[in-house]
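Visitor: I'd like to walk through this fold with you and ask what the words behind it rest on. Could you show it to me?

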Amino acid sequence: VEMRTEGAEVSDAALYAKAHSLGTLASLGGMERLLSTGTGSSLGYEQMLASLIDAYGKREAYKLLKRGMEGLAKQTLEMADLRELADNVTTICAGKQHRHRSMADIDAEIDADVKAAQEGKTGDEGSLTWGLSRLDNFLRPIRRHEYVLVCARPSRGKSSMLAFLAGANLMQGKRIAFFTLETSDKAVVQQMAAQLAGVRLDSMAQWMPDQFRAFNAARAKLKDSKRLMVFDRDMSLDAITARCRLLAGSFKPDLVILDYLGLVASNGRSPYERVSLVSKAMIPLRKALGCALVVGQQLNRAAEAQERGQLEEDAHRCVMLHWKDSNILDREIRAYKILQPKLRDGRTTAVDGIEFNAPTTTWREAS
């Protein structure tokens with residue numbers, strides 16, 4: 001537990017070997033009986049050591065939890081102290097951790113990339129799709145290490161793009177966690193089903209039987225996939241961070257979507273300060289998740305330059321949705337240009353020929 005708390009990368013076998021080399025193996029509880037009788041194998045020793053580590057970890061975690069409960073009962077515990085206790089419990093229970101890697105480990109990954117490139121592979125294998133081949137070709141698919149910011153002015157299809165992105169990758173077998181702060185979990189799942197079925201939700205009462213069948217089939221795919229989780233109650237930065245820690249250890253998502261950043265509650269005094277604090281928190285959050293993080297943000301005209309500058313600085317990639325004929329409000333099929341003004345390990349670009357079908361909230365390539 002001490003080694004794990006210090007961030008050392010350990011395993012039961014490594015601990016067994018270390019204890020044996022230090023001559024302390026026989027002093028561990030119960031081990032001397034095995035050693036003195038000559039029974040058991042090294043595998044048995046490792047299993048017993050693993051059990052002892054587990055029991056000791058539970059005991060230390062219980063002490064911390066008890067201290068927290070006593071402090072809460074006496075009302076002497078501050079939130080910062082409680083958070084520290086919770087972090088310590090998480091560390092103790094985390095088991096094997098990967099906090100620091102050697103240069104040899106890092107170079108081994110680089111070597112694998114070099115060999116893959118020599119074989120003609122692009123490095124996009126296993127990445128996340130945008131749902132449209134034109135966007136994948138020009139923007140590049142989303143890789144696991146990316147924090148991607150999707151920006152748009154109000155009512156420009158940002159949420160629809162995020163739902164479309166979630167559905168496209170879910171159909172590719174990816175695991176998706178979706179945080180919706182602006183609307184309900186029901187509304188998100190319903191929109192994804194409508195997008196997959198290609199129907200318009202605002203005219204459900206006039207649907208034909210085949211449209212109901214398509215919508216119900218899409219609903220069944222979403223419900224039965226077991227790869228989609230939608231959250232609409234986590235509104236604060238602390239709540240979202242705590243939820244993501246649980247997801248990283250259990251659900252293990254391939255993609256986490258947050259819609260949208262400006263609604264996350266934080267301690268900033270001004271709107272700009274709140275957005276800035278939350279934006280900065282996205283980088284360590286993505287690392288804790290170990291998967292791609294795509295965050296939507298609404299740009300207000302008054303503070304657009306200042307907000308955009310801060311947001312672009314933090315993000316690995318920034319994508320902007322530009323509705324080319326936004327002055328014509330009654331047009332159902334809308335022409336878009338998708339801008340990519342920032343990609344740290346790639347090119348900046350703009351993709352024309354993308355259309356948004358407003359009635360079905362779906363995106364497609366112009367014919």
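Visitor: What makes β6 largely enclosed by the rest of the structure?

Guide: Buried means under 20% relative accessible area, exposed over 50%, and partly exposed in between, with a 1.4 Å probe and protein chains only. In β6, 6 of the 7 residues are buried, so the strand is largely enclosed by the rest of the structure. A word on the source: this is a predicted model, where local features need pLDDT of at least 70 and side-chain atom pairs count only at pLDDT 80 or more, while totals for chains, interfaces and linings use all residues. Residues are numbered from 1 along each chain as its sequence is written, and side-chain values use heavy atoms, leaving out hydrogens and water.

Visitor: How do you know that β1 and β6 pair?

Guide: Two strands pair if DSSP finds at least two bridges between them. β1 and β6 have 4 bridges in the parallel sense, so they meet that definition. One of the bridges joins Val-150 to Val-319 in β6. On β7 (residues 333-343), β6 has an antiparallel partner over 6 bridges, with Cys-318 bridged to Lys-342.

Visitor: Why are β3 and β9 said to stand at the edges?

Guide: The open sheet has 9 strands in the order β3-β2-β4-β5-β1-β6-β7-β8-β9, with mixed pairing. β3 (228-231) and β9 (362-365) each have a single partner strand, so one side of each is left without a neighbour in the sheet. For β9 that partner is β8 (residues 349-357), paired in the antiparallel sense over 4 bridges. Strands here are DSSP runs of E with at least two residues, and helices are runs of H or I with at least four, numbered from the N terminus. By that count the chain has 13 helices and 9 strands.

Visitor: What makes a group of residues a nonpolar core?

Guide: It is a set of buried Ala, Val, Leu, Ile, Met, Phe, Trp, Tyr and Cys residues joined through side-chain atoms within 4.5 Å. The largest one here has 42 residues, of which Ile-257, Val-294, Ile-338 and Trp-363 touch the most other members. Its largest share, 7 residues, comes from α8. Apart from it lies another core of 30 residues, among them Leu-149 and Cys-151.

Visitor: Which residues does Ile-338 touch?

Guide: Contact means heavy atoms within 4.5 Å. Leaving aside residues up to four places away in sequence, the contacts of Ile-338 include Leu-135, Leu-139, Val-319 and Ile-354.
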